[in-house]
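Please keep the sequence and the model in view while reading.

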Amino acid sequence: MGHHRSSITSLVFPVVMGCLAALMLSSALIYLYLEAVHQSDEQLVNTHAGCLFQHFKLPAMKNCSSWLQCSQIKAEVRKIKLIGQGAVKKVYLAEWRGHKVALSELASLEYREDFLHGLSMLQALQGSLVVQLVGFCLEEDTVVSQHHPHGSLLNLKGVLAQQKYQHLNTWHIRLRLATDYISILHYLHNSPAGRRVMCDSNSLEKTLSQFLLTNDFHLVVNDLDALPEVNPSRGALVKCGSRELTGQFVAPEQLWPFRGSGQPFSDDLMPPYDEKTDIWKIPDITQFIMGSTQGGDLVQFHLFQIHKECKNLDPKLRPSALNVLKAYTSVYGAIVRENSGYRDML
């Protein structure tokens with residue numbers, strides 16, 4: 001009998017160990033995948049379309065082309081209409097060789113430094129999560145990028161309300177968009193240009209306007225004019241502008257700490273902060289993206305704990321964008337399994 005038990009043990013043990021090894025390997029692979037989500041490849045490849053660095057390929061193009069230069073932009077890019085304007089730039093719908101593109105022009109010399117910063121970030125961060133750069137002309141202060149007809153994330157409700165897109169108005173698609181948003185934050189916080197903070201995000205509307213909705217219903221970040229760098233090794237933190245920020249949307253550390261004492265705001269006395277300001281805003285952005293779609297309340301229920309952590313008053317205790325991304329991925333899988341189990345019972 002003892003020999004029988006020993007034989008069973010000798011057979012079962014390798015199987016159990018094999019299963020554990022497979023489980024650990026799969027967990028490691030998932031972690032490595034999430035760690036590398038949309039990270040910039042150090043090889044000179046543009047992940048938009050498999051093009052070399054400083055090249056682009058619009059959806060209807062067969063081959064990659066090098067970034068357009070001043071002479072080509074002046075001769076071949078034709079304005080159609082104004083589609084957006086802010087303090088830094090004007091954006092036009094334009095056409096290049098039959099392709100619709102977005103042409104951005106500096107709106108005021110006062111903001112030329114911001115405009116050039118946005119261009120430098122656009123060059124440095126090219127990849128699947130960033131709008132595709134088509135060309136630029138420093139002489140004319142113009143930038144050409146891929147045009148996305150759906151516009152910014154602000155338009156999400158209106159786009160999904162269109163009859164031809166109503167079948168996409170599901171919690172799956174909306175959660176995927178929210179996950180894209182987290183992936184972009186993770187990329188910016190670990191980018192090849194350093195740890196970048198989204199400073200053009202002092203309100204819900206302003207933050208949503210920084211992202212474009214693609215034709216296949218993903219997100220790309222578009223407005224990179226205000227992306228200061230945090231460098232912990234040098235003790236370099238950031239401040240988003242020199243004016244006082246107010247409201248509940250911005251992180252607590254972005255508010256004037258002496259507002260209760262009646263002391264007037266002073267930029268010199270305002271403490272700096274890091275990228276955890278972006279994490280604070282995640283629950284509000286996700287709430288907008290999920291909207292009131294069927295199943296959205298279940299998604300929000302599953303995300304409650306990670307969102308609670310995002311809203312921690314102490315920025316050091318908030319999760320990283322990677323940890324939020326892992327939580328979102330886990331929630332998606334959990335809900336799919338729950339729905340699958342419910343259908344099986346029926």
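Predicted model: local features only at pLDDT ≥ 70, side-chain atom pairs only at ≥ 80, totals over all residues.

Which residue in β7 does L93 stand opposite? L93 faces A102 there.

The protein chain has eleven helices and 13 strands. Five of these strands make up an open sheet with the order β5-β6-β7-β9-β8, and their pairing is antiparallel. At its edges are β5 and β8 (133-137), each of which pairs on one side only. On average, neighbouring strands in this sheet are turned by 25° against each other, direction ignored.

Strand β5 (residues 77-85) is joined to strand β6 (residues 89-96) by antiparallel pairing over seven bridges. A hairpin of three residues connects β5 to β6, and Q85 stands opposite K90 in β6. On to the next strand, β6 and strand β7 (residues 99-106) also pair in the antiparallel sense, over eight bridges.

Helix α3 (residues 112-124) lies across β6, β7, β8 and β9 (142-146). The helix runs at about 140° to β8.

In soluble globular proteins, nonpolar side chains tend to be buried together. The largest nonpolar core here contains 73 residues, and V77, L125, I282 and Y328 have the most contacts inside it. Helix α5 (residues 171-189) gives the most to this core, namely eleven residues.

What does V77 touch, when residues up to four places away in sequence are not counted? Its partners are L68, Q72, A94, E95, W96, V101, L103 and V144.

In the protein chain of 346 residues, 41% count as buried. Among contacts with a separation of 6 or more, 64% are between residues 24 or more positions apart.

**Two buried residues in one loop**

V238 belongs to the loop between β13 (229-230) and α7 (276-280). Is V238 buried or exposed? Its relative accessible area is 4%, and the limit for a buried residue is under 20%, so V238 is buried. Apart from neighbours within four places in sequence, V238 is in contact with V197, P228, E229, V230, P272 and Y273. V238 and D274 are 36 residues apart in sequence, but their C-alpha atoms are 6.1 Å apart in space.

E275 is also found in the loop between β13 and α7. With a relative accessibility of 9%, E275 counts as buried. The side chains of E275 and R195 are joined by a polar contact of 3.4 Å. When neighbours within four places in sequence are left aside, the contacts of E275 are H189, R195, V197 and V230.

**Aromatic pairs**

How many aromatic pairs does a search of the whole structure find? The search finds eight. Two of them are set out in the table.

| Pair | Arrangement | Centre to centre | Angle between planes |
|---|---|---|---|
| F53 and W67 | edge-to-face | 5.7 Å | 70° |
| Y165 and F217 | edge-to-face | 5.3 Å | 65° |

F53 lies in the loop between β2 (51-52) and β3 (55-56), while W67 lies in the loop between β4 (65-66) and α2 (70-76), so this pair ties together parts that are 14 residues apart in sequence. F53 counts as partly exposed at 36% relative accessibility, whereas W67 counts as buried at 8%. Ring pairs link F53, W67 and F136 into a cluster.

The pair of Y165 and F217 links distant parts of the chain, 52 residues apart. Y165 is in the loop between α4 (156-161) and α5, and F217 is in the loop between β11 (211-213) and β12 (219-221). Y165 counts as buried at 16% relative accessibility, and F217 is likewise buried, with a relative accessible area of 3%.

Conventions:
Residues numbered from 1 in each chain as written. Heavy atoms only, no water. Core = buried A, V, L, I, M, F, W, Y, C linked by side-chain atoms within 4.5 Å. Buried < 20%, exposed > 50% of the residue type's maximum accessible area, 1.4 Å probe, protein only. Helix = DSSP H or I, 4+ residues; strand = E, 2+ residues; numbered from the N terminus. Contact = heavy atoms within 4.5 Å. Pairing = 2+ DSSP bridges. Axes fitted to C-alpha atoms, helices over the stretch in contact; angles between N-to-C directions. Polar contact = N/O pair within 3.5 Å; in protein donor to acceptor, adjacent residues only side chain to side chain. Phe/Tyr/Trp six-rings, centres within 6.5 Å; stacked < 30°, edge-to-face > 60°.
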